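Keep the structure open beside you as you read.

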Amino acid sequence: LQSFLGVFRSLPSLEKTVGKCLILLKPRANRLVVQLHCKYGVTKTHNLAFQECELLQAVYDTQRCASSLCAPARVLAEAVVHFPQTLAEVTLGAGPGGKISLRNYMEDEAAPSKSVVTELRLAEDEFQTVAVSPGSRITFCLKEFRGLLTFAEASNLPLTIHYDEPGRPVVFTLEDTVLEVHLVLATLSDPKSDLQPPTANGVSHLPAPSDDFADDLESYMIAMESSAYEDGPSGAPPSPTFPLRTPRPAESDPEEEEEEGAVPGTPPHKKFRSLFFGSVLTPGGPSPAPTQEVLAEDSDGEN
Amino acid sequence: MRFRAKIVDLACLNHFSRVINTIAKLAKTCTLRLTVSKLYFILSDKVANGGVSMWCELCQGNFFDEFQMEGVAAEHNEIYLELVPENLSRALKTAQAAKAVKIKLTNKHCPCLRVAVELPSLSSSSRIVTHDIPVGIIPRRLWNDFREPSVPDFDVSIYLPVLKTMKSVVERMKNLSNSIVIEANLSGEMNLKIETDLVSVTTHFKDLGNPPWASEDECQSSAQDRDLESMAEARIDIKKLQQLLAGQQVNPTKALCNIVSNRIVHFILLHEDVSLQYFIPALA
């Protein structure tokens, strides 16, 4: 991505000199060509090398999320400013009295007397829409969320948050006339929730997370992804390996990028994946491929 | 033991934040002593601090609109807390536009200072941000460790040069040496000196003036008999001096230092409603 960004580095000078920009793909030469047609007959051609890779698609459906909130990006940006820049995760909750709360998440429950606990309460009427299950709470990665907020604030777009139970992904969406953005983040699963019976379609519940998620992260992530995959053939057990769908060739993704959220250096019991899509989705959304083809084993964790 | 306080005035809030920011730059952990009329930020001279000690005193009436304190016992109507001032500084940092800030001592899972910031919002109710800052309650038997340090029997007392100038001089010297010599005499002259194998640098300040100390007892008279030109000097850790100067966010009304030759340098920085004393021991 760095090389692509490098072409557009200086926006002010681009605005002054570039008449049009041509982007074309040369698959045989493995080159993405970005051609800037500038003033005075100058043409700058950038040949960016690319490699094809298998695309990971997150399996999610915002319609199935029990709760959703929509607020101007500015309100949420003003909310996160109270948390330290180094904070990794934050808990969003629907609190009593209709307040929506944001609280810093402390990894180490054993040392509550060491760190500052910060909590922000927002009234319901700061939001454009609020449809939340009372008492619901999810914990997700703040850093990624801040990144999206910066973009949303700059574009002055309202942000919608769709979430469900802890452990199921949270989806942040932005919409415009020219683009639609979905940021999908994993959420922390609630250790107390493994008392609930498995869901109706036979998909087994998350593996009972022990207090240290450390060892079971891989199967935890896999089970989380597969439990979110809702319309497989009925009765099919979730695949033990990472389910993938090949993207349909007709989809056009003008702004697709994939971001590997798992940072090798993070402590083992915290690994969040985020897949950032900006795409004009075809109506009805992508439907699951009839056969589930595993194209690659889950090798991301080994990076 | 109870403590509740509230700041409503923005200027008072900014002033208080600046004081906390200064304290946070000087001490990683310190003691907060609360009495009915004053707040004190205290750092006692432990080996861990490099022998540095600090005493900062504020009149609560100049900052808080409401202030209620009930100490551990009627005869000892005070509270001593151990805290990390940086936590308090951060909590106040985003309160710049607050409608009100309330501070309260609570004990839900562990003793905390709860800072509740009420922020304006476009909706009918305000936004509330709370920061629960963990604190340690210091038991009464340890209170003696935190008594106000007495003014040392100094050889020379002199007003400091303009802090901004002094700060930039010391910052440049810090790159060259680990220790700095402060010397001054009763003629208003001060020199800051560093000396290494490669280079020695001295900055001279003149006409600084010497504060008149009323001789309360015989101890101070030794200073009066002193030769006016004779320099009292102390070699101190340059980083500690730089920390003190860099932490000042506002120009003090009065800034002076008392030098006990080869023992200790005692800095006093006075603002309208805050006084800060900082002791830097001389290096062996």
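## Where the chains meet

Let's start at the boundary: across the interface of chain A and chain B, the rule finds eight residue pairs in polar contact, both residues being at pLDDT 80 or more. A polar contact here is a pair of N or O atoms within 3.5 Å; within protein, one must be able to donate a hydrogen and the other to accept it, and residues adjacent in sequence count only if both atoms are side-chain atoms. On the side of chain A that touches chain B, the elements giving two or more residues are helix H3 (73-80) and strand E7 (117-122) of chain A. E7(A) gives the most, with six residues. Helices (H or I, at least four residues) and strands (E, at least two) are DSSP runs, numbered from the N terminus.

A word on the ground rules: this is a predicted model, where local features need pLDDT of at least 70, side-chain atom pairs count only at pLDDT 80 or more, and totals for chains, interfaces and linings use all residues. Residues are numbered from 1 along each chain as its sequence is written, chains are lettered from A and ligands numbered from 1 in the order in which they are written, and side-chain values use heavy atoms, leaving out hydrogens and water.

## How much is covered

The contact (heavy atoms within 4.5 Å) takes 20 residues from chain A and 18 residues from chain B. About 1,500 Å² is buried between chain A and chain B, and carbon and sulfur atoms give 51% of that. Buried area is the accessible area (1.4 Å probe) that two parts lose on being put together, summed over both. In chain A, His82(A), Val116(A) and Glu126(A) lose the most area to chain B, together 32% of what that side buries.

## Strand against strand

Which strand of chain B does E7(A) pair with? The partner is strand E9 (residues 127-134) of chain B, and the two run in the antiparallel sense over five bridges. Strands pair if DSSP finds at least two bridges between them. Within this pairing, Arg121(A) stands opposite Ile128(B) in E9(B).

## Charges across the gap

Now for the salt bridges, each a side-chain nitrogen of Lys or Arg within 4 Å of a carboxyl oxygen of Asp or Glu. Glu78(A) bridges to Arg127(B), with the closest N and O atoms 2.8 Å apart.

Arg127(B) also meets Glu126(A) in a salt bridge (2.8 Å, N to O). Arg127(B) lies in strand E9 of chain B and Glu126(A) in the loop between E7 and strand E8 (129-131) of chain A, so the pair joins two chains. Are these two buried or exposed? Arg127(B) is buried at 5% relative accessible area, and Glu126(A) is buried at 7%. Buried means under 20% relative accessible area, exposed over 50%, and partly exposed in between (1.4 Å probe, protein chains only).

## Bridges inside chain B

Chain B has salt bridges of its own, including one between Arg90(B) and Glu86(B) (3.5 Å, N to O). Both residues sit in helix H2 (residues 85-93) of chain B, four residues apart, about one turn of the helix. Arg90(B) is partly exposed at 42% relative accessibility, and Glu86(B) is partly exposed at 34%.

Lys193(B) forms a salt bridge with Glu183(B), the closest N and O atoms being 3.3 Å apart. Lys193(B) lies in strand E13 (residues 190-195) and Glu183(B) in strand E12 (residues 179-184) of chain B, so the pair ties together parts that are 10 residues apart in sequence. Lys193(B) is partly exposed at 27%, whereas Glu183(B) is buried at 9%.
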